[in-house]
Amino acid sequence: KQWYQRRVAITAGEYPTEEGKISMLMGHAATSASNVCSITNSHPVYIVKCGETYYHKYTRIISYSGYCVDEDFSDVCKNAVELSEEWRGTTIDKTRDHCDTLGLSDFESWYRMNVYEKKMPDHCVAPNKCGGDTGYYVGGELGHPAAGEGIVGRTFYYSSASNCKASALNGHILNCGNKDDGDDYIYKWVKPSGCDRVFCVEQDPCSSTVYKKLDQDGRAGRTASADKISDNTLEHGWYRFPRDEGIMAKSPVLPGHSGIT
């Protein structure tokens, strides 16, 4: 594999679809710093379609540059390992010590989040969420890539009580989606050095996949009820009242009302 200081790519225009017709597009050479591309110069590239094959004619070779081929990520996207554990959610309190350092099959594979919002959070996550002591999120200003950007390098962080970037982990993200079907992110991480560390999934508290309904008869705070309700067995999570005003009572509730003894 040959690496070049600058890579030449066609960043605008469409490849010809008509057989034998020559099209001219502009090839752009770019350098990158901190994952941000900067175009340094451009030159014409002539392209002709012959059958199912494209041929390219270059008018000028830029020093220390290489012409790049567009990659096919279909197999990578298809074979990503799916993670669908609900405890990975950003609003889920730690109930046991989950550990992706030991729990994931390997760190050569790509992984897809297949629960809740189906992506990692782009914001700081509090400790003791996502089913572990510390949960990783996508850090930095760049966030998730757009469809068509290819594989991008990103830094993943977990938080302490006083620091949103208590520890960093390198990894990559690939957006397998398109403009018609939307985003479809997969991830590849470096193996964490310690346990009780997990990779979080974004949750929207307003989504019906997150909250549970408390809709038993007798919850009305001002109504005497013979129904007996005990919330001692409720799990940690989000709940909503689908009846009446939809909010908790704002004044003290008498014993025997709202189904509570």
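These are my notebook entries on a predicted model of one protein chain.

**Entry 1: the whole chain**

I began with the overall make-up. The chain holds two helices and 14 strands. Of its 261 residues, 34% are buried. I then looked at how far contacts reach along the sequence. Taking contacts between residues at least 6 apart, 60% of them join residues at least 24 apart. The chain exposes about 16,500 Å², and carbon and sulfur atoms supply 48% of that area.

**Entry 2: salt bridges**

How many salt bridges does a search of the whole structure find? It finds six, and I looked up some of them one by one.

I started with R88 and D100, whose closest N and O atoms are 2.7 Å apart in a salt bridge. R88 sits in the loop between β6 (81–83) and α2, while D100 belongs to helix α2, so this pair ties together parts 12 residues apart in sequence. Are these two partners buried or exposed? Both R88 and D100 are buried. I also noted that E85, R88 and D100 are linked in a network of salt bridges.

Next came K94 and D133, which meet in a salt bridge at 2.2 Å, N to O. K94 is in the loop between β6 and α2 and D133 in the loop between β7 and β8, so the pair ties together parts that are 39 residues apart in sequence. K94 is partly exposed, with a relative accessible area of 28%. D133 is partly exposed too, at 23%.

Then I turned to R112 and D184, where the salt bridge spans 2.8 Å, N to O. Since R112 lies in strand β7 and D184 in the loop between β10 (167–175) and β11 (185–189), the pair ties together parts that are 72 residues apart in sequence. R112 is buried, with a relative accessible area of 11%, whereas D184 is partly exposed at 26%.

**Entry 3: R197, a charge without a salt bridge**

I looked for R197 and found it in strand β12 (residues 197–199). R197 is buried yet has no salt bridge. Which side chain of opposite charge is nearest to R197? It is D196, and it is 7.9 Å away.

What does the side chain of R197 meet in a polar contact? Its partner is the side chain of S193, at 3.2 Å. Leaving out residues up to four places away in sequence, R197 touches H98, C99, D100, T101, T134, Y136, Y158 and P192.

I went on to W110, in the loop between α2 (100–103) and β7 (111–113). Why does W110 count as buried? Its relative accessibility is 12%, and buried means under 20%.

I then checked what surrounds W110. Setting aside residues up to four places away in sequence, W110 touches V76, A80, V81, I151, H172, I173, L174, I186, Y187 and K188. I took a second look at K188: it is 78 residues from W110 along the chain, yet their C-alpha atoms are separated by 4.8 Å.

Most residues other than glycine have a negative phi. With that in mind, I looked up two residues in the loop between β7 and β8, N128 and C130. Phi of N128 is near 65°, a positive value in a residue other than glycine. C130 is not a glycine either, and its phi is positive at about 60°.

Are they buried or partly exposed? N128 is partly exposed, with a relative accessible area of 39%. C130 counts as buried, at 0% relative accessibility.

**Entry 4: a nonpolar patch**

Last, I looked at the surface. Which residues form a nonpolar patch there? They are I22, M24, M26 and Y46, with about 370 Å² of accessible area together. Strand β2 (residues 22–33) gives the largest share of the patch, three residues. Y46 is in strand β3 (residues 36–50). Y46 is partly exposed, with a relative accessible area of 32%, and a patch residue must have over 30%.

Technical notes:
Residues numbered from 1 in each chain as written. Predicted model: local features only at pLDDT ≥ 70, side-chain atom pairs only at ≥ 80, totals over all residues. Heavy atoms only, no water. Helix = DSSP H or I, 4+ residues; strand = E, 2+ residues; numbered from the N terminus. Buried < 20%, exposed > 50% of the residue type's maximum accessible area, 1.4 Å probe, protein only. Lys, Arg positive; Asp, Glu negative; His and termini not counted. Salt bridge = Lys/Arg side-chain N within 4 Å of Asp/Glu carboxyl O. Polar contact = N/O pair within 3.5 Å; in protein donor to acceptor, adjacent residues only side chain to side chain. Contact = heavy atoms within 4.5 Å. Patch = residues over 30% accessible without salt bridge, like charges linked within 9 Å, V, L, I, M, F, W, Y side chains within 5 Å. Areas by Shrake-Rupley, 256 points an atom, 1.4 Å probe, with all protein chains shown as cover.
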